[in-house]
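Colleague: Could you pick one residue in this model and take me through its surroundings in detail? I'd like the cut-offs as you go.

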Amino acid sequence: MSQYLVLTAMGADRTGSVSELTKLASKCGCNIIDSRMAIFGLEFSLIMLLNGSAKAINQIENKLPAMAVKLELTTMMKRTSGYKKREFTHHYQVDYAGIDQPGVLKAMTAFFATRNIDLSSLKSEIDPVSNQMCATILIALTEETSIEKLESDYFELCEQVGVQGCIKKVNSNLI
């Protein structure tokens with residue numbers, strides 16, 4: 001029976017760290033079901049959802065601490081009950097941009113949370129020279145959600161917080 005493990009690693013952005021971690025997963029007999037990696041300043045962060053036999057998951061849980069020490073990484077692992085692809089009808093990319101000001105990201109994430117809309121992905125950046133911020137949020141909606149009402153409310157929020165925003169439909173294969 002297949003088991004699942006979420007593995008997170010953070011550390012200095014050095015060539016080969018991600019390669020070593022994915023190699024370890026493979027050597028232990030784990031499959032990488034999903035993964036994300038990002039660079040933050042001089043640090044990188046990687047999160048992977050692994051699955052494999054009980055033996056494979058136990059093996060990576062035992063071998064990862066030594067690999068983390070060798071690569072000077074902070075790692076965390078958490079077993080999870082499984083992977084279920086969620087069935088959504090419509091996928092959208094929500095963008096906004098403007099002058100950076102406190103609370104904008106909080107307002108945007110709260111906007112979706114109060115409507116029970118899960119975020120599939122979130123990326124936000126601030127240019128320290130120009131103080132311009134921009135963000136891209138991916139969301140997935142069911143048939144019951146009115147995109148027209150959502151767009152109207154979203155544009156109202158953008159006006160309130162002083163940013164320009166847009167929502168566009170995207171191919172579900174990209175999410």
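Modeller: Let's start with V104, which sits in helix α3; helices here are DSSP runs of H or I with at least four residues, strands are E runs of at least two, and both are numbered from the N terminus. Bear in mind that this is a predicted model, where local features need pLDDT of at least 70, side-chain atom pairs count only at pLDDT 80 or more, and totals for chains, interfaces and linings use all residues. Residues are numbered from 1 along each chain as its sequence is written, and side-chain values use heavy atoms, with hydrogens and water left out.

V104 has a relative accessible area of 3%, so it counts as buried (under 20%; exposed is over 50%, partly exposed in between, with a 1.4 Å probe and protein chains only). Skipping residues up to four places away in sequence, V104 touches Y96, M133, V161 and V163; a contact means heavy atoms within 4.5 Å.

Follow that list to Y96. Apart from neighbours within four places in sequence, Y96 is in contact with V104, L105, M108, M133, C134, A135, I137, Y154, V163, Q164 and G165.

Y96 also takes us into the largest nonpolar core, which has 22 residues. A core here is a set of buried Ala, Val, Leu, Ile, Met, Phe, Trp, Tyr and Cys residues joined through side-chain atoms within 4.5 Å. The residues with the most contacts inside this one are Y96, M108, F112, I139, L150, Y154 and V163. Two or more of its residues come from each of β5 (90–99), α3 (104–113), β7 (132–141) and α4 (147–161), and α4 gives the largest share, at six residues. There is also a second, separate core of 20 residues, with A9, C28, M48 and M67 among them. As background, nonpolar side chains in soluble globular proteins tend to be buried together.

Now for the rings. Y154 has a relative accessible area of 0% and is therefore buried, whereas F155 is at 37% and so counts as partly exposed. The whole structure contains four aromatic pairs, meaning rings of Phe, Tyr and Trp (its six-membered ring) whose centres lie within 6.5 Å; planes under 30 degrees apart are stacked, over 60 edge-to-face, the rest tilted. Y154 and F155 make one of these pairs, a tilted one with 6.0 Å centre to centre and 55 degrees between the planes. Ring pairs also link F111, F112, Y154 and F155 into a cluster.

M37 belongs to strand β2 and, at 43% relative accessible area, is partly exposed.

Zooming out, the protein has four helices and eight strands, in the order β-α-β-β-α-β-β-α-β-β-α-β along the sequence. The C-alpha trace spans about 50 × 40 × 25 Å along its principal axes. Of the 175 residues, 33% are buried. Among contacts between residues at least 6 apart in sequence, 70% join residues at least 24 apart.
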